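Here is a short tour of one protein model for you to follow on screen. Take a moment to look at the sequence and the fold, then read on topic by topic.

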Amino acid sequence: MPPFALLFLDVDGTLIPFGAERPYALHEPPHPLPGTVTHPLLARIDPALGTRLARLAELGCEPVWATTWMNDANTAVAPWLGLPALRVVDWPEEGEEPRFGPRGLHWKTRPLAACAAGRPFLWVDDEITDADRAWVAGHHPAPALLHRVDHRYGLTDRDFAVLEEWITAGGGPGVR
């Protein structure tokens with residue numbers, strides 16, 4: 001049975017925390033990595049997040065990279081987390097999608113709704129606003145959860161609880 005929902009994942013601010021005033025915990029990979037896996041910020045990613053993301057997939061969603069890392073997320077982040085290569089959102093060429101300011105619609109919103117193609121989806125990012133939620137509520141026919149993560153901490157237990165609740169409830173009534 002195919003997953004009922006897509007799980008669009010950002011990397012910076014979602015898996016890699018940044019902007020806090022405190023030093024970040026640095027992690028070791030839980031298993032040997034290919035020599036090609038290098039990035040100065042990977043050690044900020046808690047490898048245990050891979051198990052948590054795999055659990056969300058088991059509950060009924062398909063994780064998809066929704067990041068400007070593009071396929072670099074598969075060559076660096078996925079191995080770090082112990083995940084297989086994931087599908088990657090193919091962003092429109094620069095200039096095709098307007099990029100609005102902080103109070104406008106996020107440049108990812110329309111492409112993610114188009115990628116979902118009428119399927120339920122979760123979008124986990126540190127830049128989601130009420131404008132994005134309102135646009136999706138008015139333009140996407142299926143349930144969607146646009147969940148904003150605090151960039152200073154990245155995904156936390158509280159975030160995973162919200163995601164798991166939405167998935168196990170079958171997507172709930174609409175955009176939250």
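Let's begin with how open space is found: on a 1 Å grid over the protein atoms alone, a pocket is an open set of points with protein on both sides within 12 Å along at least five of seven lines, and its lining residues have an atom within 4 Å of a point. The model is predicted, so local features need pLDDT of at least 70 and side-chain atom pairs count only at pLDDT 80 or more, while totals for chains, interfaces and linings use all residues. Residues are numbered from 1 along each chain as its sequence is written, and side-chain values use heavy atoms, with hydrogens and water left out.

**The largest pocket**

- The largest pocket holds about 270 Å³ of space, where a volume is the space filled by probe spheres set on the grid points, joined across faces, edges and corners.
- Its lining is made by 17 residues, and P17, H27, D46, Y153 and L155 are the ones nearest the centre.
- Two or more lining residues come from each of the elements α1 (48–59) and α5; helices (H or I, at least four residues) and strands (E, at least two) are DSSP runs, numbered from the N terminus.
- With 3 residues, α1 gives the most to this lining.

- Strand β1 (residues 5–9) is largely enclosed by the rest of the structure, because 5 of its 5 residues are buried (buried means under 20% relative accessible area, exposed over 50%, and partly exposed in between, with a 1.4 Å probe and protein chains only).
- In a regular strand the side chains alternate between the two faces of the sheet.
- In β1, A5, L7 and L9 sit on one side and L6 and F8 on the other, and all are buried, which leaves both faces covered.
- β1 runs parallel to strand β2 (residues 61–65), joined by 5 bridges; two strands pair if DSSP finds at least two bridges between them.
- P63 in β2 is the bridge partner of L7.
- β1 also pairs with β4 in the parallel sense, over 4 bridges, and there L9 has V124 as its bridge partner.

**Aromatic pairs**

- Rings of Phe, Tyr and Trp (its six-membered ring) pair if their centres lie within 6.5 Å; planes under 30 degrees apart count as stacked, over 60 as edge-to-face and the rest as tilted.
- By this rule there are 3 aromatic pairs.
- One of them is the stacked pair of F4 and W166, with 5.9 Å centre to centre and 25 degrees between the planes.
- F4 lies in the segment before β1 and W166 in helix α5 (residues 157–168), so this pair ties together parts that are 162 residues apart in sequence.
- F4 is partly exposed, at 25% relative accessible area, whereas W166 is buried at 1%.
- W91 and W107 form an edge-to-face pair, 4.9 Å centre to centre with 65 degrees between the planes, and both are buried.

**Two buried loop residues**

- T129 is found in the loop between β4 (121–125) and α4 (130–139), and at 18% relative accessibility T129 counts as buried.
- The T129 side chain reaches the backbone nitrogen of A131 at 3.2 Å.
- H140 lies in the loop between α4 and β5 (144–148) and is buried, at 8% relative accessibility.
- A polar atom of the H140 side chain lies 2.8 Å from the backbone oxygen of R119.

Notes. A polar contact is a pair of N or O atoms within 3.5 Å; within protein, one must be able to donate a hydrogen and the other to accept it, and residues adjacent in sequence count only if both atoms are side-chain atoms. On a 1 Å grid over the protein atoms alone, a cavity is a set of points where a 1.4 Å probe fits but cannot get out, and a pocket is an open set with protein on both sides within 12 Å along at least five of seven lines; lining residues have an atom within 4 Å of a point.
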